[in-house]
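Please read the following report alongside the sequence and the coordinates.

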Amino acid sequence: MTPTLAVIGNAFLDLKGYALHAYDPVGKNVGDVRFVHGGVGRNVAANLAALGGATRLLATVDDGALGRELVDRLDALGADTGFVRPADRGMGMWMAILDAAGNLAGSISRQPDFAGLARLLEDAGEEALRDATHLVLSVDLTEAITRRAIELAQRFDIPVYGLPNNLQVIGEHPSLLASLECFVCNHIEAERLSGRPWGAISNEERLASLRAFVDDQGPRAMVVTLGAEGSVYYDRIAGRSGFQPAFPARLVDSSGAGDAFAAGTAFALSRGLPLDRAVVCGAKVAGWVVESDRNECADARERMGRDDFFKKMGLI
């Protein structure tokens, strides 16, 4: 059976400024400014579709040209947008500054109004998830949306892969982690959730902290990304943990890397790969995306066809 991954999350319009020289936060900076489509849910769905997976997004967009353009882009990538609905302030906005190396120097976000997504989930959530095999869920929409999505997934016996947005929901309700098959976050988010330091410590110490947190909070598995350093992972049921280095990449824009990593990892997990192999897929997809000024890798399927790992794992 071919996996069908449903994605529940947000859609954003990202305004990104790229500094050409050393970025001065209080001075004028010459560079480039671009609009790109973003949002955790949209980014994950776009990358899953680009990888060739059957992908269905449940989200809201603005009722106008900007929302239609975002949907058209997802359609072109091969995503199922039948459950994307226009709503009043259905999209968020994210303003980001990237330094001359392509790293995030600062940002401000305006969240969408999640009332439209809550209505959509009530009206069409059962239809969207009934024949899905997996759910990728942005767990920081609202508590009610997160709980309803998990409830539907449990009803249809669908594993849930979760990733955070701003930690507002999962930070206040960490017990929700126990409902997740796998949770993917970055080291800053892991530090906030666990209360343990993640910065200047060894990977062995990070793994010990990760194992303690997962054993206490109860998700089956968890991955913590470390930026250019790579990631650490732990599968509580399989008893596997380890470190996955990042792959060399020509950095253009690092801001979509986490969503791309989560998408690649979920893609591989949904096809039966163990976590230690799935994070390799996640690292590769993240490396492809940071080489682009978009939040997805449109030619991911072609890259997979040239990659020995994807061939060996039977992912193409």
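## Basis of the model

This is a predicted model, in which local features need pLDDT of at least 70 and side-chain atom pairs count only at pLDDT 80 or more, whereas totals for chains, interfaces and linings use all residues. Residues are numbered from 1 along each chain as its sequence is written, and side-chain values use heavy atoms, with hydrogens and water left out.

## An open four-stranded sheet

An open sheet is formed by 4 strands in the order β3-β2-β6-β7, with mixed pairing; strands here are DSSP runs (E, at least two residues) and helices likewise (H or I, at least four), numbered from the N terminus, and two strands pair if DSSP finds at least two bridges between them. The edges are taken by β3 (31–38) and β7 (104–110), each of which has a single partner strand, so one side of each is left without a neighbour in the sheet. On average, neighbouring strands of this sheet are turned by 15° against each other, direction ignored, the axes being lines fitted to C-alpha atoms and angles running from 0 to 180 degrees between N-to-C directions.

Strand β6 (residues 92–98) runs antiparallel to β7 and is joined to that strand by 6 bridges. Trp94 stands opposite Ser109 in β7.

Val252 is placed in the loop between β13 (240–244) and α8 (257–270). With a relative accessible area of 22%, Val252 is partly exposed, a class that lies between buried (under 20%) and exposed (over 50%), as computed with a 1.4 Å probe on protein chains only. Apart from neighbours within four places in sequence, Val252 is in contact (heavy atoms within 4.5 Å) with Tyr18, Gly102, Val290, Glu291, Ser292 and Asp293.

## Salt bridges

The whole structure holds 22 salt bridges, each defined as a side-chain nitrogen of Lys or Arg within 4 Å of a carboxyl oxygen of Asp or Glu. In one of them, Asp253 pairs with Lys16, with the closest N and O atoms 2.8 Å apart. Asp253 lies in the loop between β13 and α8 and Lys16 in strand β2 (residues 12–19), so the pair ties together parts that are 237 residues apart in sequence. Asp253 counts as buried at 1% relative accessibility, and Lys16 counts as buried at 0%.

Another salt bridge joins Arg148 to Glu126, where the closest N and O atoms are 3.9 Å apart. Arg148 belongs to helix α4 (residues 143–155) and Glu126 to helix α3 (residues 115–130), 22 residues apart. Arg148 is buried at 14% relative accessibility, whereas Glu126 is partly exposed at 29%. Salt bridges with shared partners join Glu122, Glu126, Arg130, Arg148, Glu151 and Arg155 into one network.
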